[in-house]
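I opened this entry to look up metal sites, a chain contact and salt bridges. My notes follow the structure.

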Amino acid sequence: MSAVADTHAQEHHHGPAKGISRWLLTTNHKDIGTMYLVFSFAMFLLGGTMAMVIRAELFQPGLQIVNPEFFNQMTTMHGLIMVFGAVMPAFVGLANWMLPLMIGAPDMALPRMNNWSFWLLPCAFLILVSTLFMEGGAPNFGWTFYAPLSTTYGPPSTTFFIFAVHIMGISSIMGAINVIATILNLRAPGMTLMKMPLFVWTWLITAFLLIAVMPVLAGVVTMMLMDINFGTSFFDASGGGDPVLFQHVFWFFGHPEVYIMILPAFGAVSHIIPAFSRKPLFGYASMVYAVGAIALLSFVVWAHHMFTVGIPIAGQLFFMYATMLIAVPTGVKVFNWVATMFRGALSFEAPMLFAVAFVILFTIGGFSGLMLAIAPADFQYHDTYFVVAHFHYVLVPGAIFGIFASAYFWLPKWTGHMYDETLAKTHFWLSFVGMNLAFFPMHFLGLAGMPRRIPDYALQFADFNMVSSVGAFMFGATQLLFLLIVVKCVRGGKKASAKPWDGAEGLEWTVPSPAPYHTFATPPEVK
Amino acid sequence: MRVHAQRAGALLGGLAFPAWSFADWTLNLTPGVTSTSNEIYSLHMIILWICVAIGIVVFGVMFWSIFAHRKSQGHKPANFHENTLVEILWTVIPFIILVVMAIPATATLVDMYDTDESEVDIKVTGYQWKWQYEYINEDFGYFSNLSTPRAQINNQQKKGENYLLEVDNPLVIPVGKKVRFLLTANDVIHSWWVPEFGVKKDAIPGFINETWTRVDKPGIYRGQCTELCGKDHGFMPVVVKAVPEEEYTMWVAEQKEAAAKERELTQKEWTLEELMERGETAYQTACAACHQADGSGMPPAFPALKGSQMVLEDIAGHIDIVVNGKSGTAMQAFGNQLSEVDLAAVITYERNAWGNNTGDMVTPKEIFDYKNEQ
Ligand code: HEM
Ligand SMILES: [Cu+2]
């Protein structure tokens, strides 16, 4: 620790290094945060392009644009890139930028490891994306890569996919350790746990989830690696293995993973809604307990993804009840946000628009989650477009809108300029309409019986698929506008004051905008 | 307050769409034709309405705030930030709703798991990319393949009414009887789904899953494979024909007779032309999905057969790979999927089609002997 602190003290009066070495060698939380965010947005566009290919093929019945093998590669890569490349790194980027500013720390606790956990990511994704150009093509077994489709029957590139997952796993675990070390050790004097901003709380809990489940993911892909290359039969029934074991291990990682993708957004929205309601967050303590309860429960619900695999009825009932239970703390959070808005003095700048849409649409995703939790009904919903609708409602207006809301909220702090409000509102409304057009009809398609992950479909599904594709194109194209808005905001615009939002609270608003390269060299005092 | 209420009313009115015909736009789950599917449907509707009700309350309060508590209208913010009673209430009430919901769900689940006292047992096996149905007590079985022509899929022909939901041999079951399905798979995981029965169960290699149905209305019911199982996952539908009991008995008798005839065919003397003709049909259903109709394959996953060294020279190797498959690849063991006649015909066809003019002929008897030696 002291060695790091010393070099820092010497560098203190210098700005950032010049040229490429600034980015390659930086240990500054703001630079690393920026790199995470830029990387995440690049992956968002790449994964989005793949989604456009999928929706173009599904625009009409029949095979028009791609063949089924390539279609499967697109759905798989889309899922993997969005989950591991877009959503997770975006939250790590926000954590890097904001956690030290929110708790009054000079930087992350482990700055060199911070550099390394970022630079592992581009390496992992270079490997993953390169599989598209390999003989036999990219992974084509879905982002859930069920064995034995991904082992005995997987393409030759599967081993590279496994390697990429290992690397991004290491990156995530290091990032999580850093977050925990920072939050537990570097809080400003006087900031007790129950005075921590909610974004800090949700990230602390998320980091524990990451440390708990990323090794499980590493374990399951290692078992695959052994099955493929070293003659074991963990998941191969003909060698005495168990294909269902794969699903248990995967979802033991997978369900907490879905909360990893939403809890930081819960935190961010819990800052934005009070700021634009000009009223303190309702039920701070119950928000913290709810997140804790969700995180704990998320370890005991995994088999709700496996209601049709034939687990015994006792197991079926347990997982049904546990999953229904998770709706209670989730509900508490929604009620708290609404109560915060109730009788406030509301205004609707872009961060608030995204945050309000987050609450409404995430709740719709929660409703379909509750429906999916009813095991007998899930026999009808499972692996249809109803599930696709569910998780896109919790992830697009959930995680992604949460990220957009955060970006607009803190852009003035990052760049020192106000973004263009008119363009940002346009971005919001086009995203909102496009997203609902794309994903709402998927509920109907699933209920009418359309399975997921198919490149072609029966004629009765044609109308809604076309609507959905139109919505998807609209949503996709709109995201280029976000790029424009951010570039514009970085390059100029109205000067932002230290606290550009009159209702905002927190230490991050006590430093000037843009935040200087080094902040809180001496910790602030929290009353 | 009054003004607000009026404005809110106007807003709601604007949101309510003009009557819109959804004639071809199915919105909801099918109630189906079995007791299970009906129970599921009512669970679905109950939970849906619960969600709608909660939604109206929550979004109602929210829209009210959005509408009435705006800064631009000079609304001054209140400053409350907790209320223990309210917080306890909105934890306990949802919990109670969920308990109430769990009761019928549990009952339905128990019923779905009760596979005892079945009257007909059918083993369903998932293959890449077709279903096999074996009537366990009747000693016959067959494969069920997609029958939609490739030309329709590739947009060279107008798509038929049951596009992608039609098969050559549907599963036939009697109405009014409890039918038990035993599900497994030969290669990867598949999932057998008929929405109108409320039956969906994964078919997993190395496992046997059980489920059941009792259909009271004769008819044709269509579903699909719902677990991603490789490239033709979207092209392995499930079609079930429920028929009255007498018709079912007759059909079973016919099938048994046909199975016996098939076994006799093995003994017949075949000519090259006859085998080629039969081989072409068998090739199109069993092999063409991977190796392509013109034998060109899709290397590297699916090698070409046209001009292949094994096909041109190594007869023993050729028979072995078709009968026993090649482990670790998508090449299945067709030995127990096809009859001896079809195996012989397909091998003969592959050795003589697309310019592979070896002139070799493999007879059903040779295959029969080959299998017995193993
Ligand atoms: C009220 C809370 C929720 C409940 C009760 C719930 C329940 C469920 C259930 C039962 C399934 C399995 C459906 C099936 O495959 O048949 C499911 C799938 C899924 N859920 Fe949720 N969910 C909730 C919230 C969330 C959240 C917050 C996220 C992520 C931000 C999420 C992401 C997903 C994903 C990604 C899948 C599909 C995974 C796949 O099969 O590819 N869910 N959910
Ligand atoms: Cu889950």
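I began with B:E245, which is partly exposed at a relative accessible area of 38%. Here buried means under 20% relative accessible area, exposed over 50%, and partly exposed in between (1.4 Å probe, protein chains only). The model is predicted: local features need pLDDT of at least 70, side-chain atom pairs count only at pLDDT 80 or more, and totals for chains, interfaces and linings use all residues. Residues are numbered from 1 along each chain as its sequence is written, chains are lettered from A and ligands numbered from 1 in the order written, and side-chain values use heavy atoms, without hydrogens and water.

I then looked up the partner of B:E245. B:K177 forms a salt bridge with B:E245, with the closest N and O atoms 2.8 Å apart. I counted a salt bridge when a side-chain nitrogen of Lys or Arg is within 4 Å of a carboxyl oxygen of Asp or Glu. This pair links distant parts of the chain, 68 residues apart: B:K177 is in the loop between β4 (171-174) and β5 (179-185), and B:E245 is in helix α5 (residues 245-265). Helices (H or I, at least four residues) and strands (E, at least two) are DSSP runs, numbered from the N terminus.

Next came B:K123 and B:E134, a salt bridge with its closest N and O atoms 3.7 Å apart. B:K123 lies in strand β1 and B:E134 in strand β2, so the pair ties together parts 11 residues apart in sequence. I also noted a network of salt bridges linking B:D121, B:R180 and B:E210. Over all chains the structure holds 16 salt bridges.

**Chain B against chain A**

How many salt bridges are there between chain B and chain A? I found zero. Polar contacts join 23 residue pairs there, both residues at pLDDT 80 or more. A polar contact is a pair of N or O atoms within 3.5 Å; within protein, one must be able to donate a hydrogen and the other to accept it, and residues adjacent in sequence count only if both atoms are side-chain atoms.

**Metal sites**

I checked the copper ion (ligand 2) next. A:H255 (ND1), A:H304 (NE2) and A:H305 (NE2) coordinate the copper ion at 1.8 to 2.1 Å. Donors are N, O and S atoms within 2.8 Å of the metal (3.2 Å for Na, K and Ca); water is not among the atoms, so sites may look incomplete. A:H304 is buried, at 14%.

The iron atom of ligand 1 has a single protein donor, A:H390 (NE2), 2.2 Å away. A:H390 sits in helix α14 (residues 385-415) of chain A. I read 4.5 Å between the iron atom of ligand 1 and the copper ion (ligand 2).
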